[in-house]
Amino acid sequence: MKNNIENGIYIPDEHRNLIPVDEWVKREDPTAAQAVVLVTDFGMLEIAKGDLPGGFNFEGAQKAAAEYRKGFRCPTRHEAIEMYDARFRGLDEAFKKIGGEPATTIGWTSEADPDPEYNSYGAFVYGGYAGSVLDSNKYGTNAVRPVSAFKK
């Protein structure tokens, strides 16, 4: 539930309260934040402030995202598009303010190609610079930006 939080970008504090970015950056160490929360009509998505180091194949990406923190995973195709759209509504700026990286890399989604009879070697990646979602070979390497459904 969104609990009457307006659509926008927030920083979760140590008690899981959502703090507006401009309020958060007044703290002594705004880079202590580990994530931002994107609130849209589709829900609340917690996004790690940077990509995980290294390149991962599809299976490795799923494992690495799950190991990042409890409840985290690779984004769905739809979440990746929401992240791209939010770049132009302050998401990249919020990442910069907390010492993070813009969400501009080519990264794995959580979704394998839905038609395994056609292509069992494919999975979806998103291009953060262009907002594209493409089918890629599962054995290639791409970035991982862990996300989680935000819960208090």
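Student: Which exposed residues does the face of α2 turned away from its buried side carry?

Tutor: That face carries Glu59, Lys63 and Glu67, where exposed means over 50% relative accessible area, buried under 20% and partly exposed in between, with a 1.4 Å probe and protein chains only. This is a predicted model, in which local features need pLDDT of at least 70 and side-chain atom pairs count only at pLDDT 80 or more, while totals for chains, interfaces and linings use all residues. Residues are numbered from 1 along each chain as its sequence is written, and side-chain values use heavy atoms, with hydrogens and water left out.

Student: What puts the buried residues of α2 on the same side?

Tutor: The buried residues in α2 are Phe58, Ala61, Ala64 and Ala65. They cover an arc of only 120° around the axis, the arc being that of the directions from the helix axis to the C-beta atoms, and therefore they lie on the same side of α2. The buried residues of α2 pack against β5 (106–112) and β6 (122–127).

Student: Why is the pair of Tyr121 and Tyr139 called tilted?

Tutor: Rings of Phe, Tyr and Trp (its six-membered ring) pair if their centres lie within 6.5 Å, and planes under 30 degrees apart count as stacked, over 60 as edge-to-face and the rest as tilted. The centres of Tyr121 and Tyr139 are 6.2 Å apart and their planes are at 55°, so the pair is tilted. Tyr121 is in the loop between β5 and β6, and Tyr139 is in the loop between β7 (132–137) and β8 (147–149), 18 residues apart.

Student: What makes Tyr84 and Phe88 an edge-to-face pair?

Tutor: The ring centres of Tyr84 and Phe88 are 5.2 Å apart, and the angle between the planes is 75°, which is to be set against the limit of over 60 for edge-to-face.

Student: Why does Ser148 count as buried?

Tutor: Ser148, which is found in strand β8, has 7% relative accessibility, and therefore counts as buried. Leaving out residues up to four places away in sequence, Ser148 touches Met44, Leu45, Glu46, Gly71 and Phe72, contact meaning heavy atoms within 4.5 Å.

Student: How do you know that Lys49 has no salt bridge with Asp29?

Tutor: A salt bridge is a side-chain nitrogen of Lys or Arg within 4 Å of a carboxyl oxygen of Asp or Glu, whereas Asp29, the nearest side chain of opposite charge, is 7.2 Å away from the buried Lys49. The side chain of Lys49 does reach the backbone oxygen of Thr31 at 2.7 Å.

How values were computed:
Lys, Arg positive; Asp, Glu negative; His and termini not counted. Polar contact = N/O pair within 3.5 Å; in protein donor to acceptor, adjacent residues only side chain to side chain. Helix = DSSP H or I, 4+ residues; strand = E, 2+ residues; numbered from the N terminus.
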